[in-house]
Amino acid sequence: MKINQSYAQGYSFIYVVLYVDDMLIAAKKKYDIQKLKGLLSAEFEMKDLGAARKILGMEIIRDRERRKLFLSRRSYIQMVLARFGMSSSKTIDTPSAANIHLTAMFAPQSEEEKEYMSRCLVTCYSDSDYAGDVDTRRSMTGYVFTLGGSVVSCKATLQPTVTLSTTEAEYMALTEAAKEGIWLKGLNLNLNYAITVTVL
C-alpha cells in the first residue's frame, strides 16, 4: 500500500498481530501503543500482559542497548530433540557437509557485487528426499529461509502425492519454497522493507 508522503508526515504505523486470543502491538512510539490499547479496551474485554516475552511458542529477546529484537525457537527445538532422543547430540554451526570448504573465489569481486551483497538478502535453502517415507513412498519437502543469517521460516513435511522421479520431487519442494518466498517478500513490502530473495 502506497501512502502519500504529505499525508504520512506526522503519522506512524502501528502493527497489530492477532492470533486467536493473543495480540502483539508494535509501533515506534510508546504513546501510540498506549492509545491503541485504550481504544481496544473500551470496546473489548482485554488483559494487558505487558511487554511480550513469548508468542506462538517463540521467545522474544530484546537487546535494548543495541536496539535489536530477536525471535528464538530454542524451547521448541529442545522439545523436538528430546522427543527423538537427540538431546545430547553434538551441535554444529552450519548444516554444511564436513568436506565443503569456502574459498575467496566465492567472495564478492567487484564494487557492484559488494553493493549487492550489502543489501538485505533473504536466502532460501530447499531440498527433497525422494520416496523417503518407506510406507507411502512419498517424498519429503524441506526449506529454510534466512534473513541476515537468522532463520525466519522453515518447513519439513511429506509431499501430498507420490512423485515419479527425484526431479519431480525437487520441483515440488521448490514450488513450496517459492510460494513461501513470494509470501515473505509481500510481507516485507507491506512492512515497507524491500528484500531480495535468493533460492539455493
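A nonpolar core is taken here as a set of buried Ala, Val, Leu, Ile, Met, Phe, Trp, Tyr and Cys residues joined through side-chain atoms within 4.5 Å. In the predicted model described here, the largest such core has six residues, namely Val 122, Cys 124, Tyr 143, Phe 145, Ala 177 and Leu 184. Strand 6, strand 7 and helix 5 (166–190) are the elements that each contribute two or more residues to this core.

The chain contains five helices and nine strands, and along the sequence these elements follow the pattern α-β-β-α-β-β-β-α-α-β-β-β-α-β. Of its 200 residues, 16% count as buried. The accessible surface of the chain amounts to about 16500 Å², and carbon and sulfur atoms account for 57% of that area. Among contacts between residues at least 6 apart in sequence, 36% link residues at least 24 apart.

Thr 146 lies in strand 7, which spans residues 140–147. The relative accessible area of Thr 146 is 12%, and Thr 146 is therefore buried, the limit being under 20%. When residues up to four places away in sequence are not counted, Thr 146 touches Leu 121, Val 122, Thr 123, Tyr 125, Val 151 and Val 152.

Cys 154 is located in strand 8, residues 150–158. Its relative accessibility is 54%, so Cys 154 counts as exposed, for which a value over 50% is required. With neighbours within four places in sequence left aside, Cys 154 is in contact with Tyr 143 and Val 144. The C-alpha atoms of Cys 154 and Val 144 are 4.3 Å apart, although the two residues are separated by ten positions in sequence.

Aromatic rings were also examined. A pair of aromatic rings is described by the distance of the centres and the angle of the planes. Two aromatic pairs are present in the structure. Phe 13 and Tyr 15 form a stacked pair, with 6.1 Å from centre to centre and 20 degrees between the planes. Phe 13 is partly exposed at 44% relative accessibility, and Tyr 15 is likewise partly exposed, with a relative accessible area of 31%. In the pair formed by Tyr 143 and Phe 145, the ring centres are 5.6 Å apart and the planes meet at 75 degrees; this pair is edge-to-face because its angle is over 60 degrees.

Backbone geometry was considered last. Most residues other than glycine have a negative phi. Leu 56, which is not a glycine, has a positive phi of about 50 degrees. Leu 56 is found in the loop between strand 3 (54–55) and strand 4 (58–63), and its relative accessibility of 47% places Leu 56 in the partly exposed class. Ala 131 also has a positive phi of about 50 degrees without being a glycine. Ala 131 is situated in the loop between strand 6 (121–129) and strand 7. The relative accessible area of Ala 131 is 9%, so Ala 131 counts as buried.

Conventions
Residues numbered from 1 in each chain as written. Predicted model: local features only at pLDDT ≥ 70, side-chain atom pairs only at ≥ 80, totals over all residues. Heavy atoms only, no water. Helix = DSSP H or I, 4+ residues; strand = E, 2+ residues; numbered from the N terminus. Buried < 20%, exposed > 50% of the residue type's maximum accessible area, 1.4 Å probe, protein only. Contact = heavy atoms within 4.5 Å. Phe/Tyr/Trp six-rings, centres within 6.5 Å; stacked < 30°, edge-to-face > 60°. Areas by Shrake-Rupley, 256 points an atom, 1.4 Å probe, with all protein chains shown as cover.
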